[in-house]
Amino acid sequence: MSLSGGLWTAVSALNADEGALQVTANNVANANTPGYSRQLPVLVEPPPEQLGNLIFGTGVTLEQVQSVRDGVLELRIQQQQQQSGKLDSFLNALQPTQQLFNEAQGAGLESALGAFFNSWQQLSTNPTDLPTRQQVIDAGQTLATAFSQTAASLAGQQSDLNQSVTQAVAQVNSLISQIAALNVQIASLSPNTSGDNQLVDQRTALIGQLSQLIDVSNIAASDGSVTLTTTSGSALVVGGQSMALTTAMNSSTGMQDVFDAQGNDITIKIAAGQLGGLIQARDQTIPGLRSQLDALANGIIAAVNAQHAAGFTLSGAAGGNFFAPPPAGGVGAAAMAVVITDPAQIAASSDGTAGSNGNAVALADLRAQNLVAGQPPDAYYANMVANLGSTIQNATAAQQATSQVLNQLQNQRGAVSGVSLDEEAANLMKYQRAYQAAARVVTVIDQMTQWAVNLGQD
Amino acid sequence: MSLRVNPNPSLNLADSLDLLNQQESTALEQLSSGQSVNEPADNPAALAALIQNHAAAGQTDQYTQSIASVQGALQTADAALNTVVTSLGQALSLATEGANGTLTASQRQAIASQVDNLQQQILLAANQSYQGSYIFGGTASTAPPFVAISTSPSGVSYVGNNGVNSIELAPGETAAINKPGDQIFNIAGADVFQALQDLSNALSANNQSAVATAATEVQNAFNAVGVQRTFYGATLQRMQTMDTFLSTEKVELSQQATQLVGADMAQVATNLSHLQVQRQALVQAESQVLGQPNLFQYMPVP
């Protein structure tokens, strides 16, 4: 037991309080930093000193600066981010698609479809009239153009999405290489070093960004690094190694497929994240619409051509094809075109006389026949648009639910890890007072030391 | 220590503001378009029904237009037959006059030439065309159906056919829009041209009894054309009825469309004002949260 022992005890308090103040200052500084987890100075008593049968404390040390975070919560946030990333990108992808068929605002195929069949009906009232015959050709061309333009727009949207897939894969690769680099740095610091806090925060933020892009499973290793895989098991980051994804064109679809580092095609296995949404829209929703559009076009072309061929032109010759027959392979909508240019070639007559309107009536009647998949063309088209609407409606509902859950989780994360300025102010005062007191102790010991030195003088 | 709450709620408030903005813009869109369904995802089922509704409305318009298009031809045919009936009535008077025993041969010859004139007029009416197509030629409507041929006993031969065109007036409901000319003018025992030819021949031959026989034939033809003419009258009547029905149908369809996708304006306006109140409250809350004093403000400054 000595005066200098007390002095060292006070000095340890000064050091510890300085450290704690620094942690508080850092918390205040990062109050608005995204992804920052508040830090706590962990103050502990060092081993005591035994003198005879007395035990004295030896002050305080700042053992660790600890980040306050809930790993399970972070994982749940990442999972929600994967879902929300998928739904966001899916909805963004289909917004322009929906506008192509927005019959509520008058866009879409219905008016052209109706006008085409109505033009035959009009022709039936005056089958020999050339201007009325010309109107049938014009209405047919308008319908063909509406189909081919819609098909072209869908193809364009699909190829835009294809580019987005390539860009998203590049972002994934950039993120996983950053995460791998952080893994190396974190593992190189000894496990309890306080310096890894910031690095772990950074890595968590990057994994969050990655989660918005692709579905990720996260396994923590004992050295502090994480192993990331897709949920289907393709490795993305293992320790300090990042396994870049690649893309390559699928020759049958013309779209970029995604491959993992082992060369496995994981395109259809990517279940979430922006990539998951883009791939679903690119490979399922839009191709589905395109094939329905083709089926509708093919059904109309086949029925109109067959009925037209059964009739007779103005000069009494047998009517041929009205529309260009679809090429083999069935891309009906994109290549739809009217082959008749001379209005006299329209087969309105059913008996070969010029004034007969029987075939025009039969052609107008096709509208009520089950031309496509057992349905009349109007009904088939209405169902097709309604299905697209339902897909988007369901995704919108799911997106709203997901974003609420995500909000909730982020709120919870804030409750655990967010910096409260009130708390920090209280801590600041606490450490300030403690520092003042310790400094005072030093002064007192100094005074006592002087007295001890001066003992016996005077 | 009590449960820690999220010390930075401003993110939540900003999200709520985003949501409000979205709801407000939806309400404004509904107000400006007057529709509650503005894209397929708003209400897929209603939109599918709307597409069918538009199809039906377009078809109804077309039926109305078809009726208007054929009404002209029907009225022309009716008017033509009206002149035929009038001419036949005049022929009948001439026949009665010609049967009078006091007439001389030259007087009968004069009457015969009047009958010939009437026959020419009737031939013109029988070859009546509407917008380039001959209405009494069956479906062989591109050439005059009745031609004067001296070798024919009646002096006129029918070169049309017996084709009948029908048009659709409503789904599944059709109506014939023409009557082939031979079924009007060439009915056996009541052949218009034969009767007039016989009358003219009898008058020229100054044969009083033959004139009386021909007068009966003209009477028969007069009756027959009158009967056939009712086809056009009845068809026109039916078209008129259909037209009225179709305009009612059109109104019903547009009411249905309003029910499907129309916005309840009063409701939307009320919602909008609720949203505005909510936004005001939220903005106020946010400004309070952001402006809330914290402990730092009370720390003693040395």
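In what order do the elements of chain B run from the N terminus on?

1. Order of elements in chain B. From the N terminus on, the run is α-α-α-β-β-β-β-β-β-α-α-α-α. Chain B has 7 helices and 6 strands; helices (H or I, at least four residues) and strands (E, at least two) are DSSP runs numbered from the N terminus.

2. Basis of the model. This is a predicted model, in which local features need pLDDT of at least 70 and side-chain atom pairs count only at pLDDT 80 or more, while totals for chains, interfaces and linings use all residues. Residues are numbered from 1 along each chain as its sequence is written, and chains are lettered from A and ligands numbered from 1 in the order in which they are written.

3. Overall dimensions. Chain A has 9 helices and 10 strands. With a radius of gyration of 38 Å, well over the 23 Å that the globule rule gives for 458 residues, chain A is more spread out than a compact globule. The radius is taken over C-alpha atoms, and the rule is 2.2 Å times the number of residues to the power 0.38. The C-alpha atoms of chain A fill a box of roughly 145 × 45 × 30 Å along the principal axes. For chain B the radius of gyration is 40 Å, whereas a compact globule of 302 residues would have one near 19 Å. The corresponding box for the C-alpha atoms of chain B is roughly 150 × 30 × 25 Å.

4. Strand 5 (residues 166-170) and strand 6 (residues 173-176) of chain B run antiparallel and are joined by 4 bridges; two strands pair if DSSP finds at least two bridges between them. A170(B) has E173(B) as its bridge partner in strand 6 of chain B. The two strands form a hairpin with 2 residues between them, and G172(B) in the turn has a positive phi of about 80°.

5. Open sheet in chain A. Here 4 strands are arranged in the order 5-6-7-8, with antiparallel pairing. The edges are strand 5 (217-220) and strand 8 (241-242) of chain A, each of which pairs on one side only. Strand 5 of chain A is joined to strand 6 of chain A by 4 bridges, and I219(A) has T227(A) as its bridge partner in strand 6 of chain A. The hairpin of these two strands has 5 residues between them, with G224(A) at a positive phi near 95°.

6. Helix 4 (residues 130-188) of chain A lies across strand 6 (226-229), strand 7 and strand 8 of chain A, and runs at about 25° to strand 7 of chain A. Axes are lines fitted to C-alpha atoms, for helices over the stretch in contact, and angles run from 0 to 180 degrees between N-to-C directions.

7. Strand 9 (residues 246-249) and strand 10 (residues 256-259) of chain A pair in the antiparallel sense over 4 bridges. T246(A) stands opposite F259(A) in strand 10 of chain A. There are 6 residues between the strands, and G254(A) in the turn has a positive phi of about 75°.

8. Helix 1 with helix 9. Helix 1 (residues 3-29) and helix 9 (residues 421-453) of chain A pack at an angle of about 160°, with their axes 9 Å apart. That makes helix 1 of chain A roughly antiparallel to helix 9 of chain A; angles under 35 degrees count as roughly parallel, over 145 as roughly antiparallel, 65 to 115 as roughly perpendicular and the rest as oblique. The contact has 20 nonpolar, 5 polar and 2 charged residues. Ala, Val, Leu, Ile, Met, Phe, Trp, Tyr, Cys and Pro count as nonpolar, Asp, Glu, Lys and Arg as charged, and the others, Gly among them, as polar.

9. Contact between the chains. How many residues does each chain give to the contact? Chain A gives 51 residues and chain B gives 50 residues, where contact means that C-beta atoms, placed from the backbone, lie within 7 Å. Helix 8 of chain A supplies the largest share of the chain A side, 18 residues. By class, the side of chain A that touches chain B has 19 nonpolar, 26 polar and 6 charged residues.

Notes
Contact = placed C-beta atoms within 7 Å.
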